[in-house]
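Good morning, and thank you for coming. Please look at the sequence and the structure as they are shown, and keep them in view while I speak.

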Amino acid sequence: MTHVTEHPLVQGGRSAALATACVRGGVAAGLGLGALAVLVTAAWISSPYPDSGPGGALHLAAGLWLLAHGVDLVRTDTLSGLPAPLGIVPMLLVVLPVWLVHRAARDTLDANDGGDRPRPSASGAVAAVAGGYLLVAAVVVVYSESGPLPADLITAGFWLPAVVVGAAGMGVWTALGRPLPRQRQAAAALRATGLGLVTLLGGGAVVAAVSLAWHAREAQSVYAGLAGEWSGRVAVLLLVLALLPNMAVWGAAYGLGPGFTLGTGALATPLGLVGDPAAPPFPLLAALPADGRGTWIHWTAAAVPLAAAVLQGGRLGRSARTWTGRDTALTALGAAWGCGAAVAVLSAAAGGPLGSGRLSAFGPVWWQTGTATVLWGACVGVPVALGVRAWGRRVPRPKPLPVPEAASVAGPVAGAAKWAASGLVPVPGPVPPSTPDPETPEEAQPDTALTAPAGPESGPDSGPDVDPYSAPYGDPYGDAAFEPYDYLPAAWEPASPPPPERL
């Protein structure tokens with residue numbers, strides 16, 4: 001009867017937890033959309049020539065929010081009158097919505113949140129948070145259809161759920177303690193994949209930053225020519241900051257070898273710039289390489305994927321000291337495939353169309369960069385992993401022990417024989433007599449009056465300056481570093497009584 005009465009309460013508690021998770025997802029979507037709306041409204045207010053009213057600013061904020069989730073937008077107010085797609089995602093804008101979804105899913109399964117109330121399962125938390133978020137996103141998609149930047153329904157139906165569900169899954173994984181697969185090979189492959197990806201993106205950022213610093217004068221002139229008012233320059237600067245992660249992905253794609261496209265008829269690789277680029281004026285695009293064949297300076301960008309593959313293979317090789325060579329090679333190849341898949345997704349997000357015609361392809365090609373990453377990991381990472389594993393399994397040579405000299409052995413032996421012939425045992429000094437046992441008869445008590453033969457410096461007439469460690473308690477081995485405290489009286493020898501005090 002108790003089970004029947006408690007079961008509906010438990011189900012109701014879980015239903016309430018799922019409803020709370022759904023509300024959390026909706027609140028996360030509202031916070032991200034509100035932050036962008038405030039930013040766009042502030043830019044519209046500070047603009048000296050606002051072309052549209054508050055409705056236009058809100059439509060622009062909704063379009064940017066959808067663009068941050070990977071949804072392509074369509075520009076309807078073009079010079080030709082034909083709609084033009086806009087698919088390059090400012091990847092810094094992705095951080096805010098992804099972090100909000102991640103935090104909402106993490107707080108849903110937080111052990112400290114909710115106390116003793118039932119918590120939903122991991123899959124239930126992901127579904128509830130993503131469901132609440134997507135409900136708000138669907139409203140935003142419908143609202144954007146009446147503005148100048150409507151959303152493309154195909155990409156909205158694919159990328160928007162993928163980003164939200166992925167961020168919610170990462171939040172649940174964090175709440176569970178970031179567990180890794182129990183199989184050691186899979187866990188090691190994931191760690192190596194993360195290290196290789198971070199190294200590749202960091203090196204790409206360095207390559208792009210060096211190129212931008214080299215063309216700093218051109219970038220400054222383009223930036224000054226885009227907007228004359230301070231509000232316009234601030235807006236351009238914010239757009240540049242939002243595109244900095246894209247710049248890092250472009251630099252990584254350039255070092256990998258496939259490079260990136262600058263329109264349908266131009267391709268930039270370390271070997272040179274081929275074709276006629278159709279790049280619009282923008283400060284970051286001023287860092288593009290010049291026309292013609294590449295030089296050794298451009299070829300040094302290949303050090304980025306080389307370092308990433310070496311670090312990835314080295315990390316995996318240190319974890320594979322007890323594995324077989326076959327398992328090590330397969331795990332390193334799996335890490336290369338994982339890193340290639342991640343680079344392909346980032347390349348798809350960092351590039352895309354900027355318009356129609358020649359601008360329909362702009363940025364890295366996702367399948368080319370992904371394939372190049374896998375090849376670098378297979379050709380460099382796998383041999384490095386096998387080499388590090390072999391180096392860690394080597395057996396060190398035993399060191400030869402030092403052979404003692406004859407003189408160092410003969411000295412202590414001769415001294416020990418001389419000491420044994422004297423019949424005395426060294427003691428550290430005066431030892432008080434042992435306390436008689438009250439249960440032992442007096443006749444059976446040990447005689448404590450036995451002492452060592454008196455020497456010339458012992459006896460009651462000895463002065464206070466007599467050395468208590470002189471002969472016969474001197475050095476038995478002829479060693480100047482002899483310490484009498486290193487020797488204790490034998491168990492069968494009686495202890496010497498304390499010397500009489502001098503009157």
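Is the crossing of α6 and α11 left-handed or right-handed? The crossing of these two helices is right-handed; a crossing is left-handed if the near helix is turned anticlockwise from the far one by less than a right angle, and right-handed if clockwise.

Before I continue, please note that this is a predicted model, in which local features need pLDDT of at least 70 and side-chain atom pairs count only at pLDDT 80 or more, while totals for chains, interfaces and linings use all residues. Residues are numbered from 1 along each chain as its sequence is written, and side-chain values use heavy atoms, with hydrogens and water left out.

Helices here are DSSP runs (H or I, at least four residues), numbered from the N terminus. Helix α6 covers residues 184-214 and helix α11 residues 303-319; they pack at an angle of about 160 degrees, with their axes 8 Å apart. The axes are lines fitted to C-alpha atoms over the stretch in contact, and angles run from 0 to 180 degrees between N-to-C directions. The two helices are therefore roughly antiparallel, a term for angles over 145 degrees.

The expected span of a helix is 1.5 Å times one less than its number of residues. For the 17 residues of α11 that gives 24 Å, and the end C-alpha atoms are 24 Å apart, so the two agree. Its buried residues (under 20% relative accessible area, 1.4 Å probe, protein chains only) include V304, A308, Q312 and L316. The buried residues of α11 pack against α6, α9 (244-256), α12 (325-350) and α13 (366-392).

I turn now to the aromatic rings. How many aromatic pairs does a search of the whole structure find? It finds five, where rings of Phe, Tyr and Trp (its six-membered ring) pair if their centres lie within 6.5 Å. The rings of F158 and W159 have centres 5.3 Å apart and planes at 80 degrees, so this pair is edge-to-face, which requires over 60 degrees. Finally, ring pairs link W250, Y254, F260 and F362 into a cluster.

Key: Rings of Phe, Tyr and Trp (its six-membered ring) pair if their centres lie within 6.5 Å; planes under 30 degrees apart count as stacked, over 60 as edge-to-face and the rest as tilted. Angles under 35 degrees count as roughly parallel, over 145 as roughly antiparallel, 65 to 115 as roughly perpendicular and the rest as oblique. Buried means under 20% relative accessible area, exposed over 50%, partly exposed in between (1.4 Å probe, protein chains only). Contact means heavy atoms within 4.5 Å.
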